[in-house]
Amino acid sequence: MQEESLYVVSYDAEPLPSSENFASCSGAAVNVWVSSSTEQEALAVASREVQEAGWRITTSGRIRRTVRTDYADAPEGLPYFEQALLDGVVVVVHTWQEGVRH
């Protein structure tokens, strides 16, 4: 049996003027876990989700395929992986202010 896998797409982004984050954040690192059969579809879904969350993407998407065992040494990502298996997509935004990345 083949292990379940997802795509993880990573972007840098800045808040849209209409976003609730516009006044409080300078930017963000955004990771999107996507259940998809192709990279192209995963990139399209991830891009749409980021924009709908109120962010303008400032870098091209970095994409990788991931499986559950990839989180053995980095368990903090496992809950997002598990949730994306259930929901199809999970968006995680790590914000920063005044150019200071956290």
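This is a predicted model: local features need pLDDT of at least 70, side-chain atom pairs count only at pLDDT 80 or more; totals for chains, interfaces and linings use all residues.
## Trp 33 and the rest of the fold

Residues are numbered from 1 along each chain as its sequence is written, and side-chain values use heavy atoms, with hydrogens and water left out.

Now the overall layout. The protein chain has two helices and five strands, and along the sequence they run β-β-α-β-β-α-β. The radius of gyration is 14 Å, close to the 13 Å from the globule rule for 102 residues, so the chain is as compact as a globular protein of that length. Helices (H or I, at least four residues) and strands (E, at least two) are DSSP runs, numbered from the N terminus; the radius of gyration is taken over C-alpha atoms, with the globule rule being 2.2 Å times the number of residues to the power 0.38. Along the principal axes, the C-alpha atoms fill a box of roughly 50 × 30 × 20 Å.

How much of the chain is buried? Of the 102 residues, 38% are. Among contacts (heavy atoms within 4.5 Å) with a separation of 6 or more, 73% join residues 24 or more positions apart.

On to the rings. Two aromatic pairs turn up in a search of the whole structure. One of them is Trp 33 with Tyr 80, a tilted pair at 5.1 Å centre to centre and 40° between the planes. This pair ties distant parts of the chain together, with Trp 33 in strand 2 (residues 27–34) and Tyr 80 in helix 2 (residues 78–87), 47 residues apart. Tyr 80 has 32% relative accessibility, so it counts as partly exposed. Then there is Tyr 71 with Phe 81: ring centres 5.5 Å apart and planes at 50°, so this pair is tilted. Here Tyr 71 sits in the loop between strand 4 (62–67) and helix 2, while Phe 81 is in helix 2, ten residues apart. Both Tyr 71 and Phe 81 are buried. For the bookkeeping, rings of Phe, Tyr and Trp (its six-membered ring) pair if their centres lie within 6.5 Å, and planes under 30 degrees apart count as stacked, over 60 as edge-to-face and the rest as tilted.

Asp 87 is in helix 2 and, at 51% relative accessibility, counts as exposed. Ala 72, in the loop between strand 4 and helix 2, is exposed at 63%. Trp 96 lies in strand 5 (residues 89–96) and is buried at 11%. Their C-alpha distances to some other residues look like this:

| Residue pair | Separation in sequence | C-alpha distance |
|---|---|---|
| Asp 87 and Val 34 | 53 residues | 9.0 Å |
| Trp 96 and Glu 49 | 47 residues | 20 Å |
| Ala 72 and Asp 12 | 60 residues | 26 Å |

Note on methods
Buried means under 20% relative accessible area, exposed over 50%, partly exposed in between (1.4 Å probe, protein chains only).
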